[in-house]
Amino acid sequence: MSVQHDPVQRADFDQYLVPNYAPAAFVPVRGLGSRVWDQSGRELIDFAGGIAVNALGHCHPALVKALTEQANTLWHISNVFTNEPTLRLAHKLVDATFAERVFFCNSGAEANEAAFKLARRVAHDRFGPEKYEIIAALNSFHGRTLFTVSVGGQPKYSDGFGPKIEGIIHVPYNDLDALKAAISDKTCAVVLEPIQGEGGVLPADKAYLEGARALCDQHNALLVFDEVQSGMGRSGELFTYMHYGVTPDILSSAKSLGGGFPIGAMLTTSDLAKHFAVGTHGSTYGGNP
């Protein structure tokens, strides 16, 4: 028996929702593969894929089956417990990457927030409170929280919200000389997208990432790769760093990791993960079964 819903239309968005989005004039109501259908039954091709999210298209049978089975089994238990799907996915990510530990959350912004907090925590624990600076690239994008827009190199997302997070330095992307000039012993992390997304879908030069790795090692800083958009097979490898042979200390993933279902993950090593002791960080729905 289907549930009867009150009729709604695009104009309701303008009346009831916060106007931080400007959605299309039509309302999609159904999707399958690369197609969506609107309220009038019009069929359209979805070239966006949910902004690098629907890697398998809309309503892929395998995803529908997995979600349906889990919905009929166990929804939410919080991180007071662990659960089998979380453990299985963590196993797969560790087996497929450099990582030894995984932190699950709900989005790319949360994954990056965790990455930046971990980088600062590691530096604080090992070297003291003065080692907190983060170097990131101009025109980068790392999320919409206050920390992540501060690290992202786009003022249009960070201006107008009061003081930004301190200790963030921005340098031109793919400019190793600029990175050399900016990095110091106060740097706790260098944050880069191996393929800069909003900045123009710009792949990093191999020498640039190799140089960033060497500079981080020289200054006891962590190399963080944001692969929220470039990861999960979009570059031809599971994660883009694999093309370069340059291994990060921390990696963030989200978007197509869930194929349309909200999930994010921060991947790192056991040596770094131990600095996130019980209670230092968390997420209510992180690792939800």
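## Cavity

A search of the whole structure, a predicted model, finds one cavity of 30 Å³ or more. The largest cavity has a volume of about 40 Å³. Its lining is formed by S140, F141, H142, G143, T148, V149, G152, Q154 and Y157. By residue class, the lining of this cavity divides into three nonpolar and six polar residues, with no charged ones.

## Largest pocket

The largest pocket has a volume of about 1,300 Å³. It is lined by 41 residues, and L63, A66, L67, F261 and P289 are the closest to its centre. Helix 3 gives the most, with seven residues.

The lining of the largest pocket holds 21 nonpolar, 17 polar and three charged residues.

Strand 7 covers residues 187–192. Is it enclosed or open? Six of its six residues are buried, so strand 7 is largely enclosed by the rest of the structure.

Strand 7 pairs with strand 5 (residues 133–137) in the parallel sense, over four bridges. Within that pairing, V190 of strand 7 stands opposite I135. Strand 7 also pairs with strand 10 (residues 222–226), again in the parallel sense and over four bridges. Here V191 stands opposite V224 of strand 10.

Strand 11 runs over residues 250–253. In a regular strand, side chains alternate between the two faces of the sheet. Which residues of strand 11 lie on each side? I250 and S252 are on one side, L251 and S253 on the other. These four residues are all buried, and both faces of the strand are covered.

Strand 10 pairs with strand 11 in the parallel sense over three bridges. F225 has L251 of strand 11 as its bridge partner. The pairing of strand 11 with strand 12 (residues 264–268) is antiparallel, over four bridges. In that pairing, S252 has M266 of strand 12 as its bridge partner.

## Helix 5

Helix 5 spans residues 108–127 and has 20 residues. From first C-alpha to last, helix 5 reaches 28 Å. That is close to the 28 Å expected at 1.5 Å a residue. G128 follows helix 5, with a positive phi near 105°.

Most residues other than glycine have a negative phi. N220 has a positive value, near 55°. N220 sits in the loop between helix 9 (206–218) and strand 10. With a relative accessible area of 46%, N220 is partly exposed.

M232 also has a positive phi, near 60°, and is a residue other than glycine. Where is M232 found? M232 lies in the loop between strand 10 and helix 10 (241–244). Its relative accessibility is 24%, and M232 counts as partly exposed.

Definitions and conventions. Residues numbered from 1 in each chain as written. Predicted model: local features only at pLDDT ≥ 70, side-chain atom pairs only at ≥ 80, totals over all residues. Heavy atoms only, no water. 1 Å grid on protein atoms, 1.4 Å probe; cavity = no way out; pocket = protein on both sides within 12 Å on 5 of 7 lines; lining within 4 Å. Points joined across faces, edges and corners; volume = space filled by probe spheres on them. Helix = DSSP H or I, 4+ residues; strand = E, 2+ residues; numbered from the N terminus. Nonpolar A, V, L, I, M, F, W, Y, C, P; charged D, E, K, R; others polar. Buried < 20%, exposed > 50% of the residue type's maximum accessible area, 1.4 Å probe, protein only. Pairing = 2+ DSSP bridges. Expected span 1.5 Å × (residues − 1).
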